[in-house]
Amino acid sequence: MPRPRLAVCVAAIGLVLAACTAPPPQPAVDPARPNIVFVLVDDMDQGLVRFMPEVLRMQRDGVTFSNSTVTDSLCCPSRASLLSGKYPHNTGVFTNEPPDGGFAVFHRRDERDTVGTQLQQAGYRTGFMGKYLNGYQPGRTLGGERPFVPPGWDEWAVAGNGYDEYDYQLNVNGRLRSHGHRPGDYLTDVLAQRGNDFIRSSAARGTPFFLEVAPFAPHGPFTPAPRHADALPGLTAPRTPAFDEPDRSDKPAWLRALPPLPAAKVRAADVKFRKRAQSLLAVDEMLAGFQRTLTETDQAQRTHVIFTSDNGSTSVSTRCPRASRRRSTPTCGSR
């Protein structure tokens with residue numbers, strides 16, 4: 001694959017904030033073929049980063065690109081752009097459901113030319129785990145004999161409706177695996193384990209790899225891992241000046257007409273905010289686990305680790321082999 005096209009692929013997966021550490025001397029490694037671990041959460045806002053110590057460490061130790069653009073902050077349009085490198089007016093994915101969005105449109109138009117297919121053609125081992133696009137059903141065959149796996153992925157472990165974190169099915173390389181409601185079935189942890197296994201097996205093969213892991217957290221119903229059910233006691237939703245603002249005389253008529261928030265709605269907002277933060281604790285542990293596995297397999301200094309949200313409001317960090325700690329503004333391309 002020509003180097004410019006490979007560079008576009010890497011840009012397309014959201015490399016908008018970078019954190020780099022100076023490596024020790026390494027044996028001969030091709031710097032143009034780094035590993036990439038890309039973690040994409042669902043509907044996370046910037047204010048939740050403070051509850052993720054591993055993400056904060058990635059930001060603190062590296063470089064942050066804060067001047068960036070999301071093509072469309074809705075789930076499927078954003079994910080289609082990350083996978084294809086195209087804007088929504090080129091993917092045709094404008095919403096989360098047909099006829100102008102969701103998995104069905106992406107499958108019909110762009111699924112045969114993605115970051116997965118391009119990196120696979122460039123000699124990468126590729127893996128995708130977690131949430132794909134809305135409307136994808138893990139058991140659907142789409143005319144084949146086995147549950148459908150999109151082209152471009154050597155390892156595929158994707159759920160359909162995994163928002164509850166329990167009682168879901170995974171399409172694992174064309175075979176269905178059912179998970180129930182035991183603590184070990186918690187989806188974020190299952191994805192973490194599979195991601196670590198992918199890193200280890202890829203390192204053993206000696207080939208560069210690309211891994212995308214897409215947890216459903218912190219999307220509603222905001223289910224935390226059992227070990228985090230009592231975490232962050234007393235946490236409430238932020239009380240900014242805009243929270244239930246008493247003087248709304250400068251606001252539009254429809255907003256001025258709304259009554260003050262009743263106490264029950266304030267309590268509900270606090271509960272939801274705390275659960276959203278709790279649900280991300282397992283994601284943060286996932287990131288820390290990936291870093292440990294990369295270190296144990298001698299891959300840490302040749303691997304970009306990227307974190308972002310599909311709505312584009314969350315910081316993205318990467319750890320890369322170049323000795324650089326400068327802050328800058330990225331440039332992005334689209335084809």
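1. In this predicted model, strand β7 is mostly covered, since the count of buried residues in β7 is seven of seven. Taken face by face, T303, V305, F307 and S309 point one way from β7 while H304, I306 and T308 point the other way, and all of these residues are buried. This pattern can be read against the general rule that side chains in a regular strand alternate between the two faces of the sheet.

2. The partner of β7 is described next. Strands β1 and β7 pair in the parallel sense, over seven bridges, and within this pairing N35 has T303 of β7 as its bridge partner, while V37 stands opposite V305. On the β6 side, β1 pairs again in the parallel sense, here over four bridges, with L211 in β6 as the bridge partner of V37.

3. Strand β1 itself is largely enclosed by the rest of the structure, because seven of its seven residues are buried. Both faces of β1 are covered: N35, V37, V39 and V41 are buried on one side, and I36, F38 and L40 are buried on the other.

4. Which order do the strands take in the open sheet? There are seven of them, arranged as β5-β4-β3-β2-β6-β1-β7, and the pairing is mixed. Strands β5 (175-179) and β7 (303-309) stand at the edges with a single partner strand each, so that one side of each is left without a neighbour in the sheet. From one strand to the next, the twist averages 15 degrees.

5. Elsewhere in the sheet, β2 (residues 125-131) and β3 (residues 155-159) run parallel and are joined by five bridges, with G130 standing opposite V158 in β3. Helix α3 (residues 75-84) packs on the sheet, where it touches β1 (35-41), β2 and β6 (209-214), and its direction makes about 175 degrees with that of β1. Helix α7 (residues 187-205) lies across β1, β2, β3, β4 (168-172), β5 and β6, and runs at about 180 degrees to β2.

6. Turning to aromatic rings, a search of the whole structure finds 16 aromatic pairs. For F106 and Y132 the ring centres are 6.5 Å apart and the planes stand at 80 degrees, so this pair is edge-to-face. The pair links distant parts of the chain, with F106 in helix α5 (residues 102-109) and Y132 in the loop between β2 and β3, 26 residues apart; both F106 and Y132 are buried.

7. Y132 also forms an edge-to-face pair with Y136, at 5.7 Å centre to centre and with 85 degrees between the planes, and Y136 is buried, as is Y132. Ring pairs link these residues into a cluster that comprises F103, F106, F128, Y132, Y136, F148, W153, W156 and F210. A contact of another kind involves R239, whose charged end sits over the ring of F243, 4.4 Å from its centre.

8. For the chain as a whole, the secondary structure comes to nine helices and seven strands, and buried residues make up 53% of the 335 residues. Among the contacts with a separation of 6 or more, 72% are accounted for by residues 24 or more positions apart. The accessible surface comes to about 15,400 Å², of which 53% belongs to carbon and sulfur atoms.

Key
Residues are numbered from 1 along each chain as its sequence is written. This is a predicted model: local features need pLDDT of at least 70, side-chain atom pairs count only at pLDDT 80 or more; totals for chains, interfaces and linings use all residues. Side-chain values use heavy atoms; hydrogens and water are left out. Two strands pair if DSSP finds at least two bridges between them. Helices (H or I, at least four residues) and strands (E, at least two) are DSSP runs, numbered from the N terminus. Axes are lines fitted to C-alpha atoms, for helices over the stretch in contact, and angles run from 0 to 180 degrees between N-to-C directions. Contact means heavy atoms within 4.5 Å. Buried means under 20% relative accessible area, exposed over 50%, partly exposed in between (1.4 Å probe, protein chains only). Accessible areas come from the Shrake-Rupley method with a 1.4 Å probe; for residues, only the protein chains shown count as cover. Rings of Phe, Tyr and Trp (its six-membered ring) pair if their centres lie within 6.5 Å; planes under 30 degrees apart count as stacked, over 60 as edge-to-face and the rest as tilted. A charge sits over a ring if NZ of Lys or CZ of Arg is within 6 Å of the ring centre and within 35 degrees of the ring normal.
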